[in-house]
Amino acid sequence: MSTKLIHKLLAVLILVSIVLSACSTATTQAPAQPTEVVAPTKAPVTAAPATKAPATAAPATAAPATAVPVVEKPSGKLVIWVQQANQDVWTQTVLPGFQAEYPDIEIEFINYPPADVATQVGLAIQGGSGVPDLAVTETRSIGALVALGGLKDLTSLIEPYKADLNATVLDYCTQDGKIYCAPWDIGPVVTFYRRDIFEAAGLASDPDSVSAMVATYDDFLATCKTIKEKTGLNCFALNKANNLGTMLENMLWQQGLGYYDASGKVTIDAPYVVEAVKKIGTFWDANVVSDALEWTDPWYAELNAAMDNTDTPPIATIVIAAWMGNFLRTWIAADQAGNWGVALMPAYTAGGVQASNQGGSDYFIPEGSQNPDAAWAFIEYVNLNTANQVAQFVYSDYFPANKATYADPVFQEPDPYFGDQVTRAFFAEVAQNIPFGYIYGEYSVTMSNNAAVALQNYALGTMSAEDALKEAADAVRLETGMP
Amino acid sequence: MSSLSRKIPADITLYSVLILISIFMILPFVWMLSTSFKLPQDIFGYPPRLIPENPILSNYTYIFQEKSLLRILFNTIIIALSSTLLSLFFTTLGGYGFAKFEFPGKKTLFAILLATMIIPGAVMMVPSFIIMREFGWVNTFLPLIIPGAASAFGIFFFRQYISTINDELMDAARIDGASEFGIFSRIILPIISPGIVSLGLIFFMRSWNDYMGPLIYLKSPENWTITVSINALNGGAGLTYWGPQMAMSVISLIPLLIIFLIFQRRFAEGITAGAIKG
Amino acid sequence: MARAQKRMIPDSIKSTLVSWWQRVKKARWAYTFIAPFYIFFAIFSLYPMVLSLYLSLTRWKGVGPMKFSGLVNFGLIPQDKIFWQSMTNGVILFFLYVPVMLFLALALAVILNSGRVKGFRFFRTLIFLPFITNMVAAGYAFRILLEKQNGLFNMVLGYLGLPGIPWLESVWWARISLSLLIIWAWLGYNMVFMLAGLQTIPGDLTEAAQVDGASPVQAFFHITVPLMRPVILFCTITSMIGSFGLFTEVSTLTGGGPINATITPLIRIYNLAFRTYQFGYASAVAYTFFALIFILTITQFRLNRERE
């Protein structure tokens with residue numbers, strides 16, 4: 001081949017590559033101006049889905065069921081960023097109904113790993129382009145997005161449903177009196193326990209008795225010691241080196257306290273946190289906990305092990321949110337059906353609150369959304385409609401933030417996996433008692449990370465509780481500018 | 001006789017060292033391959049098996065069907081090819097300029113070139129993101145192709161290479177009336193083509209294996225490259241799909257492996273040139 | 001009129017300027033050829049660096065106006081324990097893997113180069129292979145191997161009757177695991193450098209030493225190593241800069257390690273910028289890091305020059 005031809009080919013190749021790469025964005029380029037969301041029950045609107053409300057129309061407050069007939073249903077493309085597990089829940093329950101109701105809405109799902117949805121949306125908002133039309137993320141991460149700005153104000157749209165939504169969790173969606181997200185589920189914390197192990201230790205194994213046995217953390221410790229003595233098994237998993245800090249968060253949340261306070265001060269080094277950390281230490285000292293790390297294979301093995309398994313001995317309890325029930329039932333501990341039961345979590349002090357929150361997720365619409373009407377239609381149908389929420393709950397055990405669902409008969413059904421215990425009603429009762437905890441919020445990521453590191457330092461004996469927490473608090477103060 | 005009897009145990013030691021290190025080098029690859037054919041319960045099963053008891057192909061079908069691996073490979077190839085070609089173009093040009101021309105300020109300009117090589121990327125991570133945002137390049141391939149195009153290292157490399165070319169070739173061409181660019185493309189480029197291959201391989205590999213760039217700039221999964229996709233299979237809450245992750249890792253290695261095995265010598269040249277005064 | 005103007009500029013200066021301009025004109029092609037680099041540099045390196053300098057003087061969080069806030073950020077850096085931990089980690093990691101890796105690289109190169117083993121090509125290829133691996137795949141592969149309970153390494157230790165090692169769950173073992181990964185990835189690369197360097201050393205030197213009665217090991221340490229100083233220095237410096245800039249390896253293998261024991265400065269900057277959106281503060285940290293690395297590199301050069 002002549003060199004001239006080679007040069008021509010090369011030039012063409014370079015040009016083509018550059019052009020191809022510039023045209024690589026398939027996602028929406030978000031326009032900079034926010035568009036106003038129009039609820040379906042407005043006065044007749046023109047064909048464009050997002051127009052400014054006519055000045056004379058009253059703000060939309062009617063519930064969809066009894067509204068003026070919808071003139072123009074939302075249509076067009078709807079790009080939703082969500083983790084795979086959540087999408088599966090929709091697909092298996094409410095998605096067909098939604099598509100039937102809104103045939104002209106074309107949904108495109110994009111999956112991210114759970115922790116990443118919030119990060120990616122945040123970066124997209126920062127980057128000025130590529131935001132989705134709708135997204136679902138964990139409550140832990142929503143505070144940062146709300147504070148970042150760039151989320152659509154849903155206050156007027158969510159007004160009809162506000163009274164039914166769990167106030168504590170709705171708080172995380174609120175800034176300056178405006179609501180920026182719609183809660184899906186919450187995570188009422190309970191104690192899952194192994195009936196067979198309790199019985200083997202000579203203890204009662206019904207929920208009420210067990211709740212009494214773990215009424216406070218000191219009682220819990222005593223129970224754990226008994227179990228260890230009688231069966232040689234560990235009480236729960238409490239990793240040292242890579243501890244995620246969930247036990248600490250639960251202890252603070254249930255007291256209505258947390259990593260910061262109402263005045264915006266960092267409280268990670270407050271005396272009550274030091275005390276909580278030391279209380280956790282008593283479990284390590286008593287040698288009643290295993291070293292498995294949450295969400296790793298050894299941990300799953302512990303939860304699924306039969307009592308006589310000597311390679312991976314089982315653990316007797318796990319204090320975690322209600323959504324864990326479904327995980328246990330389906331992919332973690334299917335072998336132990338009938339052996340698990342549900343009791344209350346310990347109170348911090350005698351007679352104190354036996355409820356906390358761990359996890360939960362929320363829907364939100366970024367300002368740059370190209371189809372806010374369809375997005376709200378999705379939220380309203382899938383999430384705020386009571387019957388649909390119940391359907392999703394039954395499938396997934398994601399505990400609804402919508403209190404109106406608790407009246408549904410499914411809540412009274414016994415669960416064979418948990419030995420026919422009526423777990424749903426149990427969770428509902430716990431949910432009513434969740435106080436406001438200062439754990440999630442704008443800076444929850446750095447707060448949780450640093451607090452966890454402090455706990456790790458304490459666990460490994462490299463620092464005293466006071467020093468470790470002071471270092472963590474200072475790191476947070478440095479990064480966030482909070483006092 | 002004594003030297004021979006001293007030789008054999010010494011040789012055994014040498015061979016052992018080589019073999020042991022080689023095993024260590026190969027082990028992760030082998031394990032990656034093995035895991036990619038295992039069922040989830042066998043991945044951390046006991047006892048560990050090199051050849052899985054029940055080999056499966058579903059990890060591979062999963063990543064091709066559910067995770068659009070073809071699209072991802074396409075993205076990765078486009079980015080790597082574009083950045084390599086663009087870089088080669090500018091670095092050969094720049095190297096030629098510094099090697100064969102005299103001009104005012106040459107010393108200073110070259111010193112600046114060398115100086116730019118010590119700037120760590122960390123300093124530019126944040127502001128690069130911000131200006132890419134201004135340009136509207138976030139979530140496109142452009143930030144991964146354009147900025148790296150004029151690589152100081154590349155210009156340095158080609159300057160060395162081209163300076164060994166005899167000046168007479170170019171002078172003769174000039175007398176014949178050839179344009180400067182013509183001399184570059186028709187005379188210089190063919191002569192340095194081994195160097196182009198060497199450096200091209202290095203550029204290609206760097207782009208292919210890049211993780212931080214795609215992590216920061218590629219937002220939508222359909223624009224991802226293979227490194228980010230492998231990482232995305234590591235989902236919290238226990239949903240780490242080790243099997244598919246290893247399958248994708250295996251696939252990510254194959255193109256580079258093939259290229260490397262064919263162009264071994266060029267690879268070595270590309271790395272060592274410019275560093276060893278030979 | 002031209003004549004009048006010409007008389008006002010001294011002839012000597014005029015001729016210098018003219019000839020300078022003629023040289024520039026003659027070299028216009030050269031300028032065209034090298035211009036792209038400086039244009040790209042100006043847009044994609046210089047401008048960001050200047051912007052970063054400005055950002056380091058603000059507390060900007062990515063949205064809204066960038067408000068000037070002086071040296072506040074730099075005042076916070078001394079108290080930033082996590083940043084200093086990351087710098088310490090860089091130093092620790094350097095000493096953990098660089099000596100071992102370079103020694104092995106040189107030793108392997110010498111063995112292969114000596115001609116006493118067959119299969120030069122085969123071994124060189126095998127040992128170099130990890131270099132082409134992307135660190136995401138490698139990091140996760142190592143994670144599977146190092147898994148505490150059922151990873152291959154601990155299983156093998158179990159067969160040998162030894163207790164399992166908490167590879168990723170202890171501060172020092174996590175660092176060692178990271179070092180193992182890095183050595184695995186870069187040994188072949190460094191070995192190739194050493195091989196190239198060895199080829200510039202005349203082979204008869206070591207032979208002559210052995211005829212004089214020196215053992216191969218003595219010849220290695222007293223002749224080969226000193227002669228390879230330039231290569232070793234080059235590898236050391238690149239490794240040093242590398243050990244502070246580890247990103248992918250840490251993200252995938254340890255995630256920052258137990259108690260921030262494996263965090264590197266680059267990861268710290270990344271987290272500050274892209275997790276908590278502290279663009280202003282992150283820029284200040286980045287510049288501090290740059291300055292420290294610069295000082296370290298210069299110091300290394302000076303030390304080496306003194307020894308010569």
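**Reading a predicted model**

Modeller: Let me start with one residue of this predicted model: B:Asn139 has 24 other C-beta atoms within 10 Å, and because the cut-off for that class is 20 or more, B:Asn139 counts as buried.

Biologist: Where in chain B is B:Asn139 found, and what is its phi near?

Modeller: B:Asn139 is found in a loop of chain B, the one between helix H6 (122–135) and helix H7 (142–145). Most residues other than glycine have a negative phi. For B:Asn139, however, phi is positive, with a value near 70 degrees.

Biologist: Is A:Trp295 buried, exposed or partly exposed?

Modeller: A:Trp295 lies in the loop of chain A between strand E9 (289–290) and helix H13 (297–304), and its phi is also a positive value in a residue other than glycine, near 65 degrees. Around A:Trp295 there are 14 C-beta neighbours inside 10 Å. A residue is exposed at 12 or fewer and buried at 20 or more, so A:Trp295, with its 14 neighbours, counts as partly exposed.

Biologist: What percentage of the residues of chain A count as buried?

Modeller: Chain A is built with 19 helices and 13 strands. Among its contacts with a separation of 6 or more, 78% are between residues 24 or more positions apart. Of the 483 residues of chain A, the part that counts as buried is 52%.

Biologist: Turning to chain C, which of its elements has the highest mean pLDDT?

Modeller: For chain C as a whole the mean pLDDT is 86, and 97% of the residues reach 70 or more. Among the elements of chain C, the lowest mean pLDDT, 56, belongs to helix H1 (residues 2–8). Where pLDDT is low, the predicted coordinates should not be read in detail. At the other end, with a mean of 94, the highest value belongs to helix H7 (residues 135–145) of chain C.

Biologist: How far apart do the C-alpha centres of domain 1 and domain 2 of chain C lie?

Modeller: The domain assignment of chain C gives domain 1 as residues 2–55 and domain 2 as residues 74–307. The C-alpha centres of these two domains of chain C lie apart by 43 Å.

Biologist: Which helix gives the most to the side of chain C that touches chain B?

Modeller: The contact between these chains takes 76 residues from chain C and 73 residues from chain B. By class, the side of chain C has 60 nonpolar, 13 polar and three charged residues. With 17 residues, the helix that gives the most to this side of chain C is H3 (residues 28–55).

Biologist: What separates the C-alpha atoms of C:Phe193 and C:Phe131?

Modeller: C:Phe193 has its place in helix H9 (residues 171–198) of chain C, and counts as buried because it has 24 C-beta neighbours inside 10 Å. C:Phe131 is 62 residues apart from C:Phe193 along the chain, and their C-alpha atoms are separated by 13 Å.

Key
Residues are numbered from 1 along each chain as its sequence is written. Chains are lettered from A and ligands numbered from 1 in the order in which they are written. This is a predicted model: local features need pLDDT of at least 70, side-chain atom pairs count only at pLDDT 80 or more; totals for chains, interfaces and linings use all residues. Two residues are in contact if their C-beta atoms, placed from the backbone, lie within 7 Å. Helices (H or I, at least four residues) and strands (E, at least two) are DSSP runs, numbered from the N terminus. Ala, Val, Leu, Ile, Met, Phe, Trp, Tyr, Cys and Pro count as nonpolar, Asp, Glu, Lys and Arg as charged, and the others, Gly among them, as polar. pLDDT is the predictor's confidence in each residue, from 0 to 100. Domain bounds come from an automatic or database domain assignment.
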